[in-house]
Amino acid sequence: MKHGHYFKKVTHLDAVDVYRVLELFEVTNPCLQHAIKKLLCAGSRGSKDEEQDVQEAIDTLGRYQEIRDEDDMK
């Protein structure tokens with residue numbers, strides 16, 4: 001299968017939520033987890049609109065880059 005790394009077998013599951021997606025794709029960095037969650041549910045959680053969720057994801061990804069830069073300076 002072309003691009004097989006984008007597909008995960010989930011036949012053993014009744015449902016898949018954001019946290020299961022993060023687990024299936026082995027996303028372990030908390031900044032990336034937070035940004036992905038924001039983007040997957042942008043504007044649909046009721047408390048914030050899509051634009052605000054996307055901006056928060058961008059902000060979180062900016063912090064991700066800052067942390068990586070800090071770690072590179074060690």
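Helices here are DSSP runs of H or I of at least four residues, strands are runs of E of at least two, and both are numbered from the N terminus. What you see is a predicted model, in which local features need pLDDT of at least 70 and side-chain atom pairs count only at pLDDT 80 or more, while totals for chains, interfaces and linings use all residues. Residues are numbered from 1 along each chain as its sequence is written, and side-chain values use heavy atoms, with hydrogens and water left out.

Start with helix H1, where glutamate 23 and arginine 20 sit three residues apart, about one turn of the helix. An α-helix has 3.6 residues a turn, so residues three or four places apart point the same way. These two form a salt bridge, with 2.7 Å between the closest N and O atoms. By salt bridge I mean a side-chain nitrogen of Lys or Arg within 4 Å of a carboxyl oxygen of Asp or Glu. The structure holds six of them.

Another one joins lysine 38 and aspartate 53, at 3.6 Å from N to O. This pair links distant parts of the chain, since lysine 38 is in helix H2 and aspartate 53 is in helix H3, 15 residues apart. Are these two buried or exposed? Lysine 38 is buried, at 5% relative accessible area, and aspartate 53 is buried too, at 0%. The cut-offs are under 20% relative accessible area for buried, over 50% for exposed, and partly exposed in between, with a 1.4 Å probe and protein chains only.

Glutamate 56 bridges to lysine 48 at 2.9 Å. Lys38, Lys48, Asp53 and Glu56 are linked in a network of salt bridges.

Now helix H2, residues 30–40. Its buried residues are Cys31, Ala35 and Lys38.

From helix H3, threonine 60 touches Cys31, His34 and Ala35, leaving aside neighbours within four places in sequence. Contact means heavy atoms within 4.5 Å.

Last, how many disulfides are there? The count is zero, a disulfide being a pair of cysteine sulfur atoms within 2.5 Å. The sulfur of cysteine 31 is 18 Å from the closest cysteine sulfur, in cysteine 41, which is too far for a bond.
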